[in-house]
Amino acid sequence: MLVCRLAAAAGDATVALSWNGAATATSYYVKRSTTSGSGFATIATNASLTFTNTGLNNGTLYYFVVSALNASGEGGNSTEVSARPTSFA
């Protein structure tokens, strides 16, 4: 039950994430870190295939992964993506 093709788009103090669904998933854990490959903390449990992380620090590079959940438990993490929010003002 692996989530693939996680995509991230940076905005002003935000990062919008989207991913394809796993066939048997009932919801997803969205996880974030400021260190590539480690330190991921769950920031949301989401039933849809999109999530926008708000209130982020512009200029900071964030790393994200998503994992799928169903009655059997949690699947593995998606491939990591990164984004750096930037003020457009």
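**Burial, pairs and contacts**

Guide: Tyr62 is buried, and Phe64 is buried too. Please bear in mind that this is a predicted model.

Visitor: What makes Tyr62 and Phe64 an aromatic pair, and why is the pair called tilted?

Guide: The ring centres of Tyr62 and Phe64 lie 6.5 Å apart, with 40° between the planes.

Visitor: How many aromatic pairs does the structure hold?

Guide: The structure holds two aromatic pairs. The other joins Trp19 and Tyr28, at 5.6 Å centre to centre and 65° between the planes. Planes over 60 degrees apart count as edge-to-face, and therefore this pair carries that name. Both Trp19 and Tyr28 are buried.

Visitor: Why is Asn53 called buried?

Guide: Asn53 has a relative accessible area of 6%. Buried means under 20%, so Asn53 qualifies. Asn53 is found in strand β5, which covers residues 50–53.

Visitor: What does the side chain of Asn53 make a polar contact with?

Guide: The partner is the side chain of Arg32, at 2.7 Å. With neighbours within four places in sequence left aside, Asn53 is in contact with Ala13, Thr14, Val15, Arg32, Ile43 and Phe64.

Visitor: How do you know that Ala13 counts as buried?

Guide: The relative accessibility of Ala13 is 19%. The cut-off is under 20%, so Ala13 counts as buried. Ala13 sits in the loop between β1 (7–10) and β2 (15–18). Ala13 also has a positive phi of about 65°, although it is not a glycine.

Visitor: Is Lys31 buried or exposed?

Guide: Lys31 is buried, with a relative accessible area of 9%. Its place is in strand β3, residues 27–33. The side chain of Lys31 makes a polar contact with the side chain of Glu74 at 2.7 Å. Not counting residues up to four places away in sequence, Lys31 touches several residues, including Phe40, Tyr63, Phe64 and Asn77.

**The chain as a whole**

Visitor: Which pattern does the chain follow along the sequence?

Guide: The chain reads β-β-β-β-β-β-β-β, with zero helices and eight strands.

Visitor: Why is the chain called as compact as a globular protein of its length?

Guide: The radius of gyration is 13 Å, close to the 12 Å that the globule rule gives for 89 residues, so the description holds. The C-alpha trace spans about 45 × 25 × 20 Å along its principal axes.

Visitor: What share of the residues counts as buried?

Guide: Of the 89 residues, 36% count as buried. The chain exposes about 4,600 Å², and carbon and sulfur atoms supply 49% of that area. Among contacts with a separation of 6 or more, 58% come from residues 24 or more positions apart.

Visitor: What is the mean pLDDT of the chain?

Guide: The mean is 94, and 98% of the residues reach 70 or more.

Methods: Residues are numbered from 1 along each chain as its sequence is written. This is a predicted model: local features need pLDDT of at least 70, side-chain atom pairs count only at pLDDT 80 or more; totals for chains, interfaces and linings use all residues. Side-chain values use heavy atoms; hydrogens and water are left out. Helices (H or I, at least four residues) and strands (E, at least two) are DSSP runs, numbered from the N terminus. The radius of gyration is taken over C-alpha atoms; the globule rule is 2.2 Å times the number of residues to the power 0.38. Buried means under 20% relative accessible area, exposed over 50%, partly exposed in between (1.4 Å probe, protein chains only). Contact means heavy atoms within 4.5 Å. Accessible areas come from the Shrake-Rupley method with a 1.4 Å probe; for residues, only the protein chains shown count as cover. Rings of Phe, Tyr and Trp (its six-membered ring) pair if their centres lie within 6.5 Å; planes under 30 degrees apart count as stacked, over 60 as edge-to-face and the rest as tilted. A polar contact is a pair of N or O atoms within 3.5 Å; within protein, one must be able to donate a hydrogen and the other to accept it, and residues adjacent in sequence count only if both atoms are side-chain atoms. pLDDT is the predictor's confidence in each residue, from 0 to 100.
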